[in-house]
Amino acid sequence: MDNLKEDLKTQIIEQLNLEDITPADIADDAMLFSDDGLGLDSIDALELIVLLEKYHGIQVTNPDEGKVAFKSINTMADYIHARLG
Amino acid sequence: MPSTLASPDYKGFIEASLLRRMSKILRMSVACAKDCISQAGIEQPDAIIVGTGLGCLLDTEKFLNNVLTIEGMLPPTSFIQSTHNTMAGQISLSIGNHGYNMTHTQNSLSFEHALLDAMLLVDEGEQNVLIGAADEAIDFLSEVSIALHLNLQQKLTSGASFFMLSREKSVTSFACVKDTVALGLVTNAEKEISAFLQKNDIPSNGVDLLLFSGSSNGLNAQVNSLLEGLSLEKARQVDYLSLSGIYPTASAFAVHYAADKMKSDRFIKTALICNTLIHSNLGLTLLQSVEA
Amino acid sequence: MGVRVTGFGIVSAIGLSVTENLLALREGRTGIGPMRFLDNSDSLLVGEVKMSNAELETKLHVSQKPISRTSLLGLKAAREAWGSNQHNAELRTGIISATSVGGMDRTEDFYKSYLADNHPDFAKLKTHDSGNTTERIAAELGISGYINTLSTACSSGANAIMLGARMLLQNKLDRVLVGGSDALTKFTINGFRSLMIYDDQWCRPFDESRSGLNLGEGAAFLLLENEKSIGITGNKTIGYVNGWANAADAYHQTASSPEGKGATLAITNALTKSGIDAAEISYVNAHGTGTKNNDLSESVALKNVFGEHVPFFSSTKPYTGHTLAAAGAIEAVFSLLSIRNSLIFPNLNYRNAIEETALEPVTALQTEMPINAVLSNSFGFGGNNSSLVFSNHE
């Protein structure tokens, strides 16, 4: 589980080209789409859907589903576990 | 001589959240536009107009590659940023501008068309128009130029130039755009240049600085002799492509260069930029010093 | 202060001429269906022009190849708009076209063989740049001089009409062909899919259940003439372009602002420019792409401008698909057809109003009302918003 979270952080930094951020800067419970967190936007949400397919083999067909899953690293990891069963 | 594109510290101009997605052409354009706005001391221009010959090639190439090689979901960012109006859109977004927003793309005449549009707006009553041009080179372009035997005399490069065109002269004004034309599918460039000079009452000895787009890539003998007839010493005839390299909107660099020369040399009152980068396209821009 | 329209031409999924398009609009017949020409292995719903490149090249007697599909479609429409007009040394004639993909269809062909290392034909790339698309149309029509291309995503076609009108009013040209052209490409189809706004079903503009757009292809051109030109050509006036405006939303790279700021500005300024009162607008040809975001933002803008009295409105994209840079020009032709024939075209595939705004588009062909003035909206990526006003009077 913890490996998954660390992997997610590295994947997010690469996929979204977050130049000045390291995995250590992203707390597991930080709100990814809030300005206090990473300040991501709707384009990033689509990039995260690509990330899930590319690295985890998970397809998200409804963008609204992503909104719930992508709140934080914790929720993303939970979502991946739930989808992969 | 190896040449690399000069890159300022873009973080000084653009928010990190926008910067992380931006390709070369977007960084150049937004940084240049912001610098231009601050130099002119104008917070919000009435309009933003950009000319680009080939648009956002890096993102276009990237997305095209993805379309043809990846099965499944594609990352959307390079598609979003592949459209020609991305530069003008990003500038409006980064300064919160709600004015007229336009992008002209007519290969080597894209800048002149943008400038013509800006001059129309000023004639219609707008006060300040931000106008610029940008193009970016990708490695693939060099491959194309070799495959098509283009025999380019200069390197393919990238560049962006922005200007604030204002209705009224101010303390920050340093040159005046007297006139510009953009003519496509031209058959008699010599006649068009003569007509342009005549329309603007410029005698054959009235041009103090001539900027032209390379002597060996398309200027025919008549145009050459006409330009020689302007009786300018060699130092006042500059092949601007030898300074900027080749990109579709390099004539915007020439305008910038001429304006800078006017600032530093008060004997230059009138400058003519003659753009024949593509043989059948003729762009002419006439600049005058603000004192003239 | 109106500018005269004296010619128009169109090619879209619902027809290869003005007459064919009008017939399909009257009959409520869509041109959207499973893909046939671009790639017949894909069953995606698209608005294709029902003619192959080879047929178009033959029919149009194209003198020089390669030529992009975007140029072919543009040439077909521009020829119809130009009609039997002659060149005249007295008249400064120009052309302004709009495109978002340019020759991308040919570039894709090239790139496939390039990636496969299978003798790629680099000459195809000469048609890639958007400016070349227009130059090829100009060359076939014998137009030289002012040849220009605008590319502002989905508002491009409307902007070409606006720029042409301004060029005439400023006496820079005597007559000008204005319009836009875009071919379907894998680039754009996959682009909108990557944004998750391509609907696998029929697009449903202004419907609560809408979930995206269907792309289309096509082209349309108008011929605009000043008094001097009409004095020489004797052409009859089809209608007038009375107002135009362009404004930036400056909200987001792809999404429109929820309060419809750019759209509201564009509509308001176009009405002001036209001198036509909001209450005099008989019909609004909406941008109405069928995406959640656009239709809500546009509905809010309509309410901002018209208050409780939003005119009859519909989106004609369920007929043609979203034709990107051609959309503003295609819908300008539809707006002029509406005025000339006293028709309001129904918004196909509509069932329930959007909850937030409760606006209901026209759902059945209206034939009994005089149509004096029409507002046409074109809003695009990067917050480019344009509106045009057409009417039957100066």
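Predicted model: local features only at pLDDT ≥ 70, side-chain atom pairs only at ≥ 80, totals over all residues.
Figure 1. Among the buried residues are C:Ser130, C:Gly131, C:Asn132, C:Arg136 and C:Glu140.

**Figure 2. Span and end of helix 5 of chain C.** Helix 5 of chain C comprises residues 130-141. From its first C-alpha to its last, this helix reaches 18 Å, close to the 16 Å expected at 1.5 Å a residue. C:Gly142 follows helix 5 of chain C and has a positive phi, near 75°.

**Figure 3. The largest nonpolar core.** This core has 230 residues, and B:Leu211, C:Ile161 and C:Val333 are those with the most contacts inside it. Helix 12 (residues 327-341) of chain C gives the most to this core, contributing 9 residues.

**Figure 4. Contacts of C:Ile161.** When residues up to four places away in sequence are not counted, C:Ile161 touches C:Val178, C:Leu222, C:Val241, C:Gly328, C:Ala329, C:Ala332 and C:Leu388. C:Ile161 is also one of the residues with the most contacts inside the largest nonpolar core.

**Figure 5. The contact between chain A and chain B.** Chain A provides 12 residues to this contact, and chain B provides 11 residues. On the side of chain A that touches chain B, 6 residues are nonpolar, 2 are polar and 4 are charged.

Key:
Residues numbered from 1 in each chain as written. Chains lettered and ligands numbered in written order. Contact = placed C-beta atoms within 7 Å. Nonpolar A, V, L, I, M, F, W, Y, C, P; charged D, E, K, R; others polar. Helix = DSSP H or I, 4+ residues; strand = E, 2+ residues; numbered from the N terminus. Expected span 1.5 Å × (residues − 1). Buried ≥ 20, exposed ≤ 12 C-beta atoms within 10 Å, placed from the backbone. Core = buried A, V, L, I, M, F, W, Y, C linked by C-beta atoms within 7 Å.
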